[in-house]
Amino acid sequence: MMWSEKHRPKKIVDMVGNEEARNSFVDWLVKWKKGAKPVLLIGPPGIGKTTLAQLAAREFGYDMIGLNASDVRNKANIEELLSPLLGNTSLLGRPMIFVDEVDGIHGRADFGGTEALLKVLKEPTIPMILAANSDQSDKMKSIKKTTKPIYLKPLPPRLLSLYLSKVLKEEGAKLSPGTTIKIIVESRGDIRSLLNMAQAQIGGFDPPTEKSFERLDVEAAINAFFKAKSKEEAQVVLYSLRIDPREKINAFYSSIVTSNLPGGTLAKMLDVISEADVLYGKIMRTQEWRLLRYLDNILLKLYGENAQVQFSQYNLPWPLLNRLRWDGRTIKALSSVLAKRFHVSQSTIATFYLPYILFCIKNKKLDIEISSEYSEIIQKEIDLLK
Amino acid sequence: MPMKFPGTCIICSQKVEVNEIGFWAKGLGVKHEKCASQEVKELKCIICGGPAGCSKCEFTDDCDREKVSEFCVCKKCEGLADSFAQYQKAVQKNFSLLNLKQ
């Protein structure tokens with residue numbers, strides 16, 4: 001079990017750091033009455049915004065209804081989800097609404113969601129808690145005006161150290177002073193990150209160098225992943241590869257397809273890549289970024305001891321890639337010349353005519369007077385014809 | 001702002017003259033512009049209530065005191081045998097509103 005879940009506090013008072021923010025939040029909830037402004041928790045990830053909302057619901061006896069940016073990005077959704085809650089409060093026990101990642105509704109993903117949400121925020125009939133990582137966008141400025149903002153800040157390193165010592169004691173685990181300091185500094189005030197890194201260290205993986213294993217480059221990470229001695233080690237490497245998810249999937253894909261793998265293994269690995277790709281597609285389509293946490297778990301299935309996979313940036317073997325790059329250019333130029341001769345478009349020549357023209361040239365049925373610079377490519381293409 | 005009246009800087013204890021640029025806050029006093037820029041924010045130890053000793057902290061270079069949560073613990077309190085329990089007690093004492101009864 002993940003330590004970040006196992007050691008999740010049971011009460012608001014058990015949380016660590018942000019004492020004044022927690023106090024303001026409880027004060028707001030204690031004094032809450034119909035029409036009171038919703039609260040907006042602002043702060044970086046991993047410092048307890050969601051935990052605070054969940055514990056408040058539990059301690060104050062509310063039924064928390066959790067929504068995220070993807071649920072509230074269009075007007076119809078908001079009306080469908082929130083109107084029944086706001087209109088029939090007596091039928092639904094004691095509901096409390098928690099909208100996570102409100103700063104995630106932006107750009108093209110916003111189909112009137114912000115505007116509809118603002119309308120709801122002005123006259124809430126039940127307690128509403130919003131959470132955001134940042135309050136810098138224009139939309140957040142308008143949301144801020146209709147809410148009571150409470151800022152949650154990263155924890156000072158020494159307080160993290162105190163908390164980490166307590167967790168390690170409870171787990172019966174020990175870390176060297178150097179590793180402890182490194183973890184504390186690299187977590188940058190983020191408790192979840194701190195616990196994840198500590199658990200990974202206790203799991204037995206010692207990072208190869210003293211440099212931050214949070215910033216392994218793609219090549220080093222992919223190679224380290226496939227050379228890992230255990231699944232736990234591979235997991236740590238995977239978590240350390242903090243790049244765009246699309247690039248992550250692509251890096252694994254290109255490395256796998258260019259490696260010399262047995263058919264069965266390759267098929268299994270491509271299935272995993274496909275699964276990861278489907279998940280990423282779903283995230284992009286629905287903007288449910290919370291699903292991203294499952295990506296690494298899917299990619300971890302690629303790990304197998306002694307898998308002979310080496311990082312490759314290109315998703316085709318080098319000779320083929322080279323041919324595509326250089327010969328492709330010459331074929332394009334040849335198509336352009338032929339297009340004028342046959343009075344059709346360049347793409348028609350390349351797609352439909354060229355194989356027949358080559359056959360005709362091969363069988364000496366057609367003699368096209370063409371510049372000698374193309375004779376080499378024509379010969380190459382003829383040789384490839386079956 | 002230019003000072004209207006003479007005063008004593010709360011940081012360096014030197015005089016702040018009339019028309020000299022400085023900072024003033026009701027109930028706090030005045031300080032030279034130069035002193036204010038050199039001032040290092042000190043976090044407070046939630047357990048003993050004293051300063052957290054930020055200038056001597058092993059994490060001083062990695063702790064942005066303007067951006068982190070307000071309370072920390074000092075070296076002495078961190079060394080207590082039951083330091084985390086002491087921290088929780090201090091939170092309960094200083095923020096009584098958080099002691100919710102279920």
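In this predicted model, 32% of the 386 residues of chain A count as buried. Chain A has 17 helices and five strands, and among its contacts with a separation of 6 or more, 74% join residues 24 or more positions apart. Chain B, for its part, has 102 residues, of which 24% count as buried. Three helices and six strands make up its elements, and these run β-β-β-β-α-β-β-α-α from the N terminus on. In chain B, residues 24 or more positions apart account for 29% of the contacts with a separation of 6 or more.

| Helix pair | Angle between axes | Distance of axes |
|---|---|---|
| α12(A) (residues 245-258) and α13(A) (residues 263-286) | about 165 degrees | 10 Å apart |
| α16(A) (residues 346-362) and α17(A) (residues 375-384) | roughly 95 degrees | within 10 Å |

An angle over 145 degrees counts as roughly antiparallel, and α12(A) and α13(A) are therefore roughly antiparallel to each other. The crossing in which α12(A) passes α13(A) is left-handed. On the α12(A) side, the residues that meet α13(A) are P245(A), R246(A), I249(A), F252(A), Y253(A) and I256(A), and their partners in α13(A) are L266(A), M269(A), L270(A), I273(A), A276(A), D277(A) and Y280(A). By class, the residues of this contact divide into 11 nonpolar, no polar and two charged.

Which residues of α12(A) are buried? They are K248(A), A251(A), F252(A), S255(A), I256(A) and T258(A). The cover over the buried residues of α12(A) includes α10 (218-227), α13 and α14 (295-299) of chain A. F252(A) and I256(A) are among the buried residues of α12(A), and they are also among the residues of α12(A) that meet α13(A).

For the second pair, the axes of α16(A) and α17(A) cross at roughly 95 degrees, and that makes α16(A) roughly perpendicular to α17(A). Here L358(A), I361(A) and K362(A) in α16(A) meet I378(A), E381(A) and I382(A) in α17(A). This contact has four nonpolar, no polar and two charged residues.

**Helix α3 of chain A**

Helix α3(A) covers residues 49-60, and the 12 residues should span 16 Å at 1.5 Å a residue, a value with which the 16 Å between its end C-alpha atoms agrees. The buried residues of α3(A) are K49(A), L52(A), A53(A), L55(A), A56(A) and A57(A). An α-helix has 3.6 residues a turn, so residues three or four places apart point the same way. After α3(A) comes G61(A), whose phi is positive, near 75 degrees.

**Contact between the chains**

How many residues of chain A are in contact with chain B? There are 25 residues of chain A in contact with 26 residues of chain B. On the side of chain A that touches chain B, the elements that give two or more residues are α2 (19-30), α7 (157-171) and α8 (177-187) of chain A. By class, this side of chain A has 12 nonpolar, four polar and nine charged residues.

How values were computed
Residues numbered from 1 in each chain as written. Chains lettered and ligands numbered in written order. Predicted model: local features only at pLDDT ≥ 70, side-chain atom pairs only at ≥ 80, totals over all residues. Axes fitted to C-alpha atoms, helices over the stretch in contact; angles between N-to-C directions. Helix = DSSP H or I, 4+ residues; strand = E, 2+ residues; numbered from the N terminus. Parallel < 35°, antiparallel > 145°, perpendicular 65-115°, else oblique. Left-handed = near helix turned anticlockwise from the far one by under 90°. Contact = placed C-beta atoms within 7 Å. Nonpolar A, V, L, I, M, F, W, Y, C, P; charged D, E, K, R; others polar. Expected span 1.5 Å × (residues − 1). Buried ≥ 20, exposed ≤ 12 C-beta atoms within 10 Å, placed from the backbone.
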